[in-house]
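I opened this model to see how its parts meet. These are my notes, in the order I looked things up.

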Amino acid sequence: MSTADTTPEKTRSSPGSMSSGGRRMGDSVFSVLSIGSGLLIFVTLAAVAIFLTTESIPAVVASQEFSGTAEFSLIEYAAPLVFGTVLAAAIALIIAIPISVGIALFISHFAPRRLAAGLGYMIDLLAAVPSVVYGLWGGVWLVPKLEPLYVFLNTYFGWIPLFGGEPTAPMRNLASASVVLAVMVLPIITAVSREVFLQTPRLQEEAALALGATRWETIRTVVLPFGRGGVVAASMLGLGRALGETMAVLMILAPGATFSLHILEVGRHNSIAANIASKSAEASGVDMSLLIFTGLVLFVLTFVINAIARWIVARSGPKS
Amino acid sequence: MSTPTDTPVKNPPALHRPRDERRLPWYHLVFTGLAGLLVAVAVLAVAGALSIASAILLGFVLHLLFGWAYSLVREGPRWATDRLMTLLVIGAFAIAMFPLVSLLWSVIARGMTRVLAAKPTTLAFWTTDMSGIIGGADAGGVAHAIVGTLLITLWASLISIPVGLFTAIFLVEYADQGWKRTLGKGVTFLVDVMTGIPSIVAGLFGLALFIAFMPDQSVRMGIMGAVALSLLMIPTVVRNSEEMLRLVPTDLREAAYALGVPKWLTIVKVVLRTAIAGLTTGITLAIARVIGETAPLLLTVGMVTSVNWNMFDGRMATLPTFINQQYRNGNANCMSDTVTNPVNQEVYACSISTNIDRAWAAAFTLIVIVMVLNIIARLISHYFSPKLSR
C-alpha cells in the first residue's frame, strides 16, 4: 500500500472533495452497498407482511364473516388450528422448562468446571439436529415407546380432563408431538438460562455460602432470583420456536380439528404450521389464500411472543 | 440454621449438634442408589413389567425418595433438600441426553446400515436416484436429493451472505450517527423480528412471492426454495457477523485511517481480514442451520425422482423433503418377492420396510453433512483465530 503520499490528501479532503476520485468512488460504492443491504432488510420484511396480507385478502373477502354467505367460516377454520398450536406449544414448554432450568443449573453450578464446556456442547448438538430427523425419530421410534405411559396415564389419571378420552394405538396424538417439541426447544431455553445463571454476581454467591448455606440454598436465594427474568425470556423464545415448528407436528400428529382437551386422543388436533405444510401442495385460489391467512396469524402470534421476550431481556439485561 | 439470640433461651441448643454439620461421604449415594434400583427391579418383576428402561426410571424415582430419607435421618433436613435437588438436576441432564443418544443411535444403526448395505455396490445409495423405483423395491438412492439440497443451499448462501455481511458492515461501520444511526436501530430490530419468523411462514412467503407474478399457480422450482431459505439465513448471518466485526479493536481501524487508507479499503483489508475466522465460522454455522430446513422446501420446491440441475425450471428433490416423503409412504406392499424397474427392467428384491429404511439413510446422510459443516466451523475458528493475539 502506498500510504506516505496519500496522507496529506486524506487530511485535506472534505466529504465533497473530488481530489482523489477513485478512492472516493470506492468509499461511496461501499457505503451505498452497506446502506442498501440495511434497507433491503426493511424491504424484505415489508414484502413478507404485504404479501401475506394481500394474498390472504381473497379468503377474508369470501368468508362467511365478511360476505355474509355461508360458504365457509374464517374463524371456524382458524380457531381450532390456533388452539392446537398453542396447546401443543404450552405442553411442550411445561415439559421443557423444568428440565432446561435443571440442565442449565447442572452445567453452570453442579458439573465439574472441566466437564461443563463439553456438556454444554452436547446440549447444543441437540439444536444442530434437523427438525425432520426429530420428526422421523418421533414417529418411528418414540411413539410406540410412549404407548405404555399413555395407557397408564389414561387408566389411572383419566379423571383429569387432559388425560381423559379414549387413546388408541398408534399414539399419534398431541402429547407425542409435544414431547418431541419439548426436545427441540430444550437447547434454546438451556442455552439462554445457562448464560444468565453464569452472570450471577460471584460475591453474592460466595456470601451465601459463607453464611453457611448449602449449594441448593445458594441457588434458591441468589441464583434463581437473579436469573428469573432470563429464564422467562428464554421460555418465551422457546415458545416462539414451538409455535412455529412444522415437521415434528406434521410427521407425528394425526390431524383433526376440535377444541378437545384430551391430549391423548388421536385425530383431535392440528397446528397451523402442520396444516399449511400438509395442504399447500394441492391448494390453489381461495384455499391457498386461506392457508396464507393462517400463516399470517402464526406470524403475528410469534412476533408478539418474541417481542415480549425481547422486551423482558432488554429490561432485565442492563442490571447485570 | 442455628440462630443466635440475645435473650437466654429456655432450652439452649446443644453445643454439639451432630446432625447439622455432618456431611456423609459421596459413596453413600451409591448405597441408596443401589437400594433404589434393587427395589425397582423387585417391584417391576412382581408387576411383570421389567425392562431396562422402566427399571432405571423407577429406580431413579425411588432413589430420590431413599436418598432424601436417608440424608434426612443422617444429615438433617437442609442437606437432605440439597441432596434431593442435586439428584434432580443431574436427572434433568440425563433426561436430555436420552433423546440425543437414542436419536443418534437410531440414525446410525438404521441409516448407516442402509447406506453401507446398498445394492449393487456400497454407497450406491449416494450415487443413484429414485427414477423407476416403485413399490417395495429394495433399491434407489438420494443422489437427486443431495444435488438439490446442495444447489438450493448454495443459492440461498449466494443471496444471504453478501446481504447479511454488508448489513453487518453497515451496522458496525456506518450506523454511528444521524439518520444512519436511526436506520441502524431499525435494522437491528427487524433482524430480531426475522430471527423469529417461523420457517413455514418463510416458505409461504417464497411461494406467495412467485405465484403472484407467475401465470401458473402450481409452479415450483429450486430458486423459490433458495429465496425462502435466505429469509431464514440472513438474520443468522447478520447476527454472527456483527458480533465478530464488533470484536475487531478500534485501534486497528484508527491506525489505518491515520495512514490515510480510505474507509472501504480499511474495512476490506483490516476489519474483514482480522475477523475472517469468526466470519467464516458464523457463516458455516448459518449454512448448517438452513441445510436441514424442511417446511419451506415442502412448500416451494416440490418433489421429483431424478436429478434436476436447473434452479429455474421444474421441481427439485432435497434431503429433508425426501425424508418426509419416504416416511409418509410408510410400509410398502410386497405382493411378490421381487419388483421390476419399468425403466431399465432391472429386478430388485421386495422389502416391506424399504421406505422407512431409505428415510433413515437419508437422515443419516443429512446429519453427516450437518456435522461435517459444524466440524469445519470449529476447525476454522480453532486454526485461524489465534492470529488475533499475535
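The entries below go from domains to chains to one residue.

I noted first that this is a predicted model, where local features need pLDDT of at least 70, side-chain atom pairs count only at pLDDT 80 or more, and totals for chains, interfaces and linings use all residues. Residues are numbered from 1 along each chain as its sequence is written, and chains are lettered from A and ligands numbered from 1 in the order in which they are written.

**Domains.** I looked up how chain B is divided: domain 1 covers 18-116 and domain 2 covers 126-389. These bounds come from an automatic or database domain assignment. I read 41 Å between the two domain centres, taken over C-alpha atoms. Seven residues of domain 1 are in contact with eight of domain 2 (C-beta atoms, placed from the backbone, within 7 Å).

**Chains.** Next I checked the contact between the chains. Chain B gives 73 residues and chain A gives 72. On the chain B side, H4(B) supplies the largest share, 19 residues. Helices here are DSSP runs (H or I, at least four residues), numbered from the N terminus.

**Pro235(B).** I found Pro235(B) in helix H9 of chain B, residues 222-247. Is Pro235(B) buried or exposed? Pro235(B) is buried, because 22 other C-beta atoms lie within 10 Å; buried needs 20 or more, exposed 12 or fewer, and partly exposed falls in between, with C-beta atoms placed from the backbone. Leaving out residues up to four places away in sequence, Pro235(B) touches Val191(B), Met194(B) and Thr195(B). Leu298(B) is 63 residues from Pro235(B) in sequence and 21 Å away, C-alpha to C-alpha.

Methods: Contact = placed C-beta atoms within 7 Å. Helix = DSSP H or I, 4+ residues; strand = E, 2+ residues; numbered from the N terminus.
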